[in-house]
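The following note was prepared for a colleague who will examine the model.

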Amino acid sequence: MLVALARAEVVRDPAVLRREERGEELYQAVRGVRVEDCAHVAPLVRELAGSGDAVLEGEAVRLAGEGLRARVLDAGFARDTLTGLLASASGAVVGAALAALAEPWAVVPPLPPERFAGLFGPATADAALTAAVAHGHGESLWRAAVDPGQPPRVRRRALALYGETARRGDVPAVLRLAGEDPLLLAGPAVECLRAMHRRGHFVTGPDVPAVLGLALADHTVPARTVATVLFTARHDVLRLSADGAPDDPTWPRRLDLLVALDEQGVGGLPVAAEIARLLPLASAPAPFLRALRALRDPGTEDAVLAALPHAPAAALDALEAVGGERTVRVLGAALGLDACAPADGDRLAAHAVPEPGRVERALRAHRGRALELVWLLATDPGVRRELLVRMDAAALPTRVAADLGGPDERELALLAAHVDPGRPVAALTRLAEHAGPGLLPVLADLLLRIAGEAASAWEPDGAEPVPDEEPRVAPEAVAALCRLGRRLHARGRIRPVCLLDVGDAEAAGHALVADLALGLLDRPGLMDGERAVLLRLLLDLPDAPHRTIRRRVHPLLRHPDRHVRKHVVALLARAPGGDGVEAVSATLLALTGPDRDPQTVRRTLGALGDAGARWASDAIAACLDHPQMNVRKTAARALATAGTARAVPRLLDRLGRDDNPGLRDLLLDALRALLGDTFPATVTAAADHAADARVRDRLLAAPPGTRRPTRTRPTSRAWRRTAGTRTPPCASPNVRRPPPGSARPARTSPTGSHSPPHRNGRGARSSACCRTGSAPGPVRHRNAECSPGTPRCSSTASPRRRARRGTGSSRSWRTPRTARPSVPKSSKPYGRWRRKVSVGGPPCRCSGGPAPSSSAPTSTVNSPPPPRRPPRRRPRRRCYARRSGSAAPTPGRPGTPNSPPPRGVCGSWPRTGNGERPSVRATCSPRSPTSTPTPHRTYGARSSTG
């Protein structure tokens, strides 16, 4: 009870905090305070922040954040309060304030770097480093990294985060600092260089020795990260890595770096040849053989065969990836196969290969493995027949047993000779159902023909119309090739080499198709359209090996055709974890320049956004100023997933300068994704600091709730809009309204059919009156309590009119006028505000039409809501009356002097120019083709001549 009273007192008057005694009772009272319960949030936060008590200061941080998200506190006030709490004596309060100041809403504008001085202590170091990065203060990070008095953990993290703000000229200083203590700072230094590389600040040739020294000193640094950092100086890396003594113990690490460098997808870099040259000089050839297996270069087969007597197990592993016909001949001769014995003048004798005796002695412990390899690599039927004779059926190798029973190669050759080149899809499907590794070249040619036909259909000057979708290979052809890959994997085949290390059958099928497509992309003389179709084929293979694809398609990033470039960018972005995009960030960032074609820039931005490349936030945000609108929209869309706090100022700047609705929606989505609940407060604060009135108006018009809603028309006569429906002011509070976003019931006529749309484009109002007990649904008319047969809703009619209805006046409609004929369309008087007349009873002025009978069916089919239009006054009704010079009675009414004169179509009485009733009877009837109507404007029961 005392806690509740104290809480109520604090909420009522925050100044009582100065007089209250500090204790658990006060702490519990303040902890229970919520923003929605406070009438004066800002004074309460100010009192809590200036109390000097750690518990109350922590509650000030909490209430400042809650008030900002509830749009009760201004962003400037919240930031000033949190900045003042940085001087608190409590480390927990300072850490909480720094964590709040590191959020995107607090970085506009950035805090001065002096605010972070002295905050890198053990209790607040992590929060201070994060806040310094968010505000872009790299000098504070550098001072923490070079300070030997700081804890090692703080120095490592400060150096790693320094890469988010460092530039190219800071690389030598970073390397010198890491060289002082490589075991402590080598990893953070490489992370710093990696962050700089992603932002476009690259390592050059003079820096390569220092980076290699760090990588060789600390083996915990991933070799792939080092290769990514050294990508721009790859030739220097290859030269320095290969320049080592044969007995250098760092060769395994050097070889890992060279393999990772080759995976970057560079052309013209002879990594495999250089390793093969060093293999005979190595005292321990096993690491070199493992590197050659990973590189899978067939040109290194002779070097591996030469190392077979020295490291037979590692050599056999490497021969699985690089072996071919020479491997079959050497291993078959060592196993004593007559079909593999070299003849006089054979090509085998011209090469320096080990003697068969030495090979035979080396393979004694690996005879079964060598026999299996000869079976899998042999293409000569004679070699396989001799192996079948010599092998023991009780001890067959596993992969040999799985490969038995394959199709006859001679039958397959005959089948391939009778394909129809005019139907490449059918021919490929038929061959793939029975093919083996020997028919892969024929299948590749058919695949290229299919790609060419698909590309020719995309040409604008072709005979057939250009399809709407991009060209791609026929799905049945891709499915047939995938089935072939699964069958080869089930048989244990290792050729093509893409099947060597696949995980499952599905991945084997995709790997085979990708290998065929990549082989075709390497062919010279390929058309640009064919390249685009083949790259699109690779995009449709989700389980294809991404590293192999990245290495093979990376050179096409600079291809002149824009369709080729966009598919390459999409392939690089599809790598798991965004590793492909990060590895080629140097090239991708160059593709976002203003001199590039818009389609390539858009695809690059989309790839960065899909990969969540937050390190490219600055480059993406720079594209918000691109001259092409579609590029600016793509950049705004990418910032929603790849943006950081540094992109918020650019987004706000573009939001205040652009009026394009589509771009503004994307900018708002990006700001909401980055700012979260603080979005309205941040935009409002930016509008307060804007100097231009137009910029301020654009910013204030962006978030909902930043402007005070204005009343556009009187509530007594206006239709209120709530959740897409119109609710009358006189509606009962018990009437059920639809939830926001729900569909509205269809508008129906008294007969149950859908009413036609209104003449002015808006949906016609339902003729069914909104009385109690009608069909269920939201309130659709001005009165929810109308009853059948009443000319006006009783709750909205004036007392004079309610009294007049019961007096028998000529203006009172006691019985429904069901005999009124409907007006044919051809005879309707044209006029914008003419009232509609239909059968079904007297007009109900709350709905604009006759009231339906109680038995009229009501449709419950949902219909879309009418388009919203700006508010306007209700139009005046016009009466088209025809005056006659005689006192002829109106048809259908008694022609007696006491009979009431006829009403017009709108139910009003025609009058003369001076406001009096005419001395003769006037007929107001629907216009006929021969009549000349005279319009009259009416206000309820009174009218004047128009």
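1. Arg-326 and Asp-302 form a salt bridge whose closest N and O atoms are 2.7 Å apart; a salt bridge is taken as a side-chain nitrogen of Lys or Arg within 4 Å of a carboxyl oxygen of Asp or Glu. The pair links distant parts of the chain, with Arg-326 in helix 20 (residues 325-335) and Asp-302 in helix 18 (residues 301-306), 24 residues apart. Arg-326 is buried at a relative accessible area of 9%, whereas Asp-302 is partly exposed at 32%. Here buried means under 20% relative accessible area, exposed over 50%, and partly exposed in between (1.4 Å probe, protein chains only).

2. On provenance, this is a predicted model, in which local features need pLDDT of at least 70 and side-chain atom pairs count only at pLDDT 80 or more, while totals for chains, interfaces and linings use all residues. Residues are numbered from 1 along each chain as its sequence is written, and side-chain values use heavy atoms, with hydrogens and water left out.

3. The chain has 946 residues, of which 48% count as buried. It holds 42 helices and 10 strands, these being DSSP runs numbered from the N terminus (helices H or I, at least four residues; strands E, at least two). Of the contacts with a separation of 6 or more, 65% are between residues 24 or more positions apart; contact means heavy atoms within 4.5 Å.

4. How many salt bridges does the structure hold? There are 46 salt bridges. One of them pairs Glu-263 with Arg-224, with the closest N and O atoms 3.9 Å apart. Glu-263 lies in the loop between helix 15 (251-262) and helix 16 (271-278) and Arg-224 in helix 13 (residues 223-229), so the pair ties together parts that are 39 residues apart in sequence. Glu-263 is buried, at 16% relative accessible area, and Arg-224 is partly exposed, at 29%.

5. Asp-540 forms a salt bridge with Arg-472, the closest N and O atoms being 3.8 Å apart. This pair links distant parts of the chain, 68 residues apart: Asp-540 is in the loop between helix 30 (528-539) and helix 31 (546-553), and Arg-472 in the loop between helix 27 (440-457) and helix 28. Asp-540 is partly exposed at 34% relative accessibility, and Arg-472 is partly exposed with a relative accessible area of 37%. Elsewhere, salt bridges that share partners join Arg-293, Arg-296, Asp-317, Glu-320, Arg-369, Glu-372, Arg-399 and Asp-501 into one network.

6. The axes of helix 28 (residues 475-490) and helix 29 (residues 505-521) come within 7 Å and cross at roughly 120°. Axes are lines fitted to C-alpha atoms, for helices over the stretch in contact, and angles run from 0 to 180 degrees between N-to-C directions. Helix 28 and helix 29 are therefore oblique to each other; angles under 35 degrees count as roughly parallel, over 145 as roughly antiparallel, 65 to 115 as roughly perpendicular and the rest as oblique. The contact includes Val-478 and Leu-481 of helix 28 and Ala-505 and Leu-516 of helix 29.

7. Helix 37 (residues 629-642) and helix 39 (residues 661-675) have axes that come within 8 Å and cross at roughly 20°. That makes helix 37 roughly parallel to helix 39. Among the residues making the contact are Met-629 and Ala-636 of helix 37 and Leu-663 and Leu-667 of helix 39.
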